[in-house]
Amino acid sequence: MIFGGLEKTTLIDYPGKIASMVYTIGCNFRCPFCHNPELVDETVETRIPEEDVLAFLKGRKGMVDALVITGGEPTIHGEDLLSFMKKAKGIGLLVKLDSNGTNPDILEKAIKRKVVDYIAMDIKAPFRNYSKTVAMPVDTEAIKKSISLLMSSGVPYEFRTTLVKTLTPPEDILEIGKQIKGAEAYYLQKFVSTKILNPQFRRKTTYTDEELDDLQAKMSKYVKFCGIR
Ligand code: SF4
């Protein structure tokens with residue numbers, strides 16, 4: 001694989017762990033609020049071969065606990081991704097995968113092959129509104145399959161939604177709650193309007209802290225833990 005970025009150390013992207021993070025190139029969604037546009041449209045200038053990433057990770061042994069694989073959408077790389085994850089596990093790292101949930105087969109293979117230790121899946125919108133929200137046609141059956149897979153897999157996971165106030169109104173957030181009822185963890189993520197895919201979204205805002213507290217209380221009726229970040 002070729003990666004579009006490498007962060008040497010992150011303390012916030014793998015719960016409770018010190019991690020390095022790599023960015024995969026390409027995505028099958030076009031979320032207007034996406035803050036990695038150069039990875040999505042594949043114009044990113046940084047190009048790091050897999051061998052270099054693995055050599056770097058071997059050199060970090062003992063300094064980091066984990067590797068976070070984010071994007072773009074990592075699962076569009078299929079078997080190449082799974083093979084890279086296996087190599088990262090071989091170095092002795094915990095592996096976290098960020099995904100938009102469009103490829104349940106790859107998630108399932110990663111779980112079955114024991115090459116993933118934590119999965120974070122975006123829930124972009126209620127199912128009825130998915131395509132509009134991500135600006136691409138979406139097979140929502142695949143999204144549903146990924147949700148049930150994570151909830152039954154035994155692998156630690158979280159769901160999360162990036163919140164642009166006008167795009168995801170409170171009633172939609174509660175509908176998401178019903179769709180992931182019983183989930184272990186769900187995060188309400190504040191939208192940050194710097195460097196985003198759709199320039200028209202630069203003026204959009206997220207919820208206030210008070211509104212988020214209220215949404216957190218309401219979502220806690222559906223999920224075991226609801227956080228704000
Ligand atoms: S937010 Fe994630 S799923 Fe959406 S376009 Fe960006 S990388 Fe793809």
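## The sheet

Nine strands make up an open sheet with mixed pairing, and its order reads E3-E1-E2-E4-E5-E6-E7-E8-E9. The edges belong to strand E3 (48-49) and strand E9 (226-228), each of which has a single partner strand, so one side of each is left without a neighbour in the sheet. Keep in mind as you browse that this is a predicted model.

Helix H3 (residues 78-90) lies across four of the strands: E1 (2-10), E2 (19-24), E4 (66-70) and E5 (94-99). Against E5, H3 runs at about 150°.

Which residues sit on each side of E2? Ala-19, Met-21 and Tyr-23 are on one side, while Ser-20, Val-22 and Thr-24 are on the other, and all of these are buried. As background, side chains in a regular strand alternate between the two faces of the sheet.

E2 pairs with E1 in the antiparallel sense over 5 bridges, whereas its pairing with E4 is parallel, also over 5 bridges.

## Strand E7 and its partners

Further along the sheet, E7 (residues 157-163) pairs with E6 (residues 118-122) in the parallel sense over 4 bridges. Ile-119 stands opposite Tyr-157, and Met-121 has Phe-159 as its bridge partner. E7 also runs parallel to E8, joined to it by 5 bridges, with Phe-159 standing opposite Tyr-186. E7 is mostly covered too: 6 of its 7 residues are buried.

Which residues have the most contacts inside the largest nonpolar core? That core has 66 residues, and the answer is Ile-69, Phe-84, Met-85, Tyr-130, Phe-159, Ile-180 and Tyr-186. Helix H3 gives the most to this core, with 5 residues. A second, separate core of 11 residues includes Met-21, Tyr-23, Ile-25 and Val-44.

Leaving aside neighbours within four places in sequence, Ile-180 is in contact with Ile-123, Ile-147, Met-151, Phe-159, Tyr-186, Tyr-222 and Val-223.

## The largest pocket

The largest pocket holds about 910 Å³ of space. It is lined by 36 residues, and the closest to its centre are His-35, Asn-36, Arg-160, Thr-162 and Gln-189. E2, E5, E7 and strand E8 (186-190) are the elements that give two or more residues to this lining.

## A look at Val-134

Val-134 sits in helix H5 (residues 130-134). Is Val-134 buried or exposed? Its relative accessible area is 0%, and anything under 20% counts as buried, so Val-134 is buried.

What does Val-134 touch, not counting residues up to four places away in sequence? The list is Phe-29, Arg-30, Cys-31 and Lys-124. As for Phe-33, its C-alpha atom is separated from that of Val-134 by 9.0 Å, although the two residues are 101 residues apart along the chain.

Conventions: Residues are numbered from 1 along each chain as its sequence is written. This is a predicted model: local features need pLDDT of at least 70, side-chain atom pairs count only at pLDDT 80 or more; totals for chains, interfaces and linings use all residues. Side-chain values use heavy atoms; hydrogens and water are left out. A nonpolar core is a set of buried Ala, Val, Leu, Ile, Met, Phe, Trp, Tyr and Cys residues joined through side-chain atoms within 4.5 Å. Buried means under 20% relative accessible area, exposed over 50%, partly exposed in between (1.4 Å probe, protein chains only). Contact means heavy atoms within 4.5 Å. Two strands pair if DSSP finds at least two bridges between them. Axes are lines fitted to C-alpha atoms, for helices over the stretch in contact, and angles run from 0 to 180 degrees between N-to-C directions. On a 1 Å grid over the protein atoms alone, a cavity is a set of points where a 1.4 Å probe fits but cannot get out, and a pocket is an open set with protein on both sides within 12 Å along at least five of seven lines; lining residues have an atom within 4 Å of a point. Grid points are joined across faces, edges and corners, and a volume is the space filled by probe spheres set on the points.
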